[in-house]
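Reader: Hi! Could you walk me through this one while I have it open?

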Amino acid sequence: MIRRLFSRLHLWLSVPVGLIVTITCFSGAMLVFEDEIKGLSNANLYKVEAMCEKPLPIDALLETAASALPDSVKVRGVTIPSDPRLAYKVNLSNPRHGVLFIDQYTGIVKGQESRAGFFRTMFKLHRWLLDENVRNGKMIVGISTLVLVLILLTGIVVWIPKNRKGLRSRLKMNFTKGWHRLWLDLHVAGGFYASAILLILALTGLTWSFEWYGTAFYRLFGAAEETTTGNHHRGRKEDAPTIPPSYMLWQKVYDELEPQCKEGIETTIKDGSVEIQLDRLGNRMASDTYSFDTRTGELTGYVPYAEADHETQVWGWVYSLHVGSWGGLITKILTFLAALLGATLPLTGYYLWFRRIHSKKRNVRELKARKCYRPT
């Protein structure tokens, strides 16, 4: 009785949101390796052609970058990779997350990059279903994701086998017994293997969809409400400052912190602050933060990641779990595969549902043909 109830819940929750879940999962899968794909396809931007002993001073590079920009676009900071083969990234005020690549050894501006084209389309699909009215698309994706959590939980209950033989059957995927068996196994076994990761992705993704959910979620992990929103939406559009006078001191600050910078992934310098992104598993957004006097370039403060405010740490974990980067390449691959499987689950579910309906109609026709049919 309970299994039948959960089976019906699983079906009728899935039917109205299935296609939206497919779109959301597929677009999410396409975004997992966005950075890696852009690094390969735009190698002329990301990599320098030849290395010298020492890069040019940061202030000279920023002067060159600023002269190549229109008046409406300002420099907000510079990101310096620890790998000397990678170009410096000048962070821009517009477009959002816009970056200008510059060869630190020659001072040549290599080009500008912003999220556009294929990956921008995938991002808009994933967050807003391409809806120009962001609020409507965001709401539809959020409701569908919330329903997906219930679909996954009811699916796990329905999946639980009655005996050991049934367990072996529900864990195997058979590719040699025809399309029907393959689609059935993709839905049953594939859904089981992907369910844990899909639940993590859905539960963390909902923090971007509903403010009430995000507040409750962060409170659950001890993050204060008044600071949650700011950390959760890190990277939101900020006022576009001009290059501050202190940028002439940024080279001095970097030289003083160079040993620590080389141990991280990259270093971002802005007016009065330096963030060194740590090369660690878990929270991939973890960073040590330094502050400096914009008049003298003297370091005035240091906050290691271990002592960073709890809200920032929680936000970093949520983001790392949602994009699958928390365990490095292995978890990104698993996240990619789980999201792809998640995209197929509604399609295989529709197929099995339609096949069952067709089978029932055929059985009724056969009974009628034999004059044995008794309507109930």
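Predicted model: local features only at pLDDT ≥ 70, side-chain atom pairs only at ≥ 80, totals over all residues.

Author: Happy to! Let's start with helix H8, residues 178–209: it has 32 residues, but its end C-alpha atoms are only 40 Å apart, short of the 46 Å that a straight helix would reach at 1.5 Å a residue. Helices here are DSSP runs of H or I with at least four residues, strands are E runs of at least two, and both are numbered from the N terminus. The expected span is 1.5 Å times one less than the number of residues.

Reader: Where is the kink in H8 centred?

Author: On Ser195, with a kink of about 50 degrees. The bend is the angle between axes fitted to the seven residues ending at a residue and the seven starting there.

Reader: Thanks! At what angle do the axes of H7 and H8 cross?

Author: Roughly 100 degrees, and the axes of H7 (residues 164–171) and H8 come within 8 Å. Axes are lines fitted to C-alpha atoms, for helices over the stretch in contact, with angles from 0 to 180 degrees between N-to-C directions. H7 and H8 are therefore roughly perpendicular, a label for 65 to 115 degrees.

Reader: Which residues make that contact?

Author: Ser169, Arg170 and Leu171 of H7, with Arg181, Val188, Ala189, Phe192 and Tyr193 of H8. Contact means heavy atoms within 4.5 Å.

Reader: New topic: what is the strand order in the open sheet?

Author: The eight strands run S4-S3-S2-S1-S5-S6-S7-S8, with antiparallel pairing. Strands pair if DSSP finds at least two bridges between them. The edge strands are S4 (109–113) and S8 (299–303), each pairing on one side only.

Reader: How many bridges join S5 and S6?

Author: Five, between S5 (residues 266–270) and S6 (residues 273–277). Ile269 stands opposite Val274 in S6.

Reader: And which strands does H11 lie across?

Author: H11 (residues 250–263) lies across S1, S5, S6, S7 (287–292) and S8, running at about 155 degrees to S5.

Reader: Last one: where is the kink in H1 centred?

Author: On Val17, at about 65 degrees. H1 (residues 2–32) spans only 37 Å between its end C-alpha atoms, whereas a straight helix of 31 residues would span 45 Å.

Terms used. Residues numbered from 1 in each chain as written. Heavy atoms only, no water. Parallel < 35°, antiparallel > 145°, perpendicular 65-115°, else oblique.
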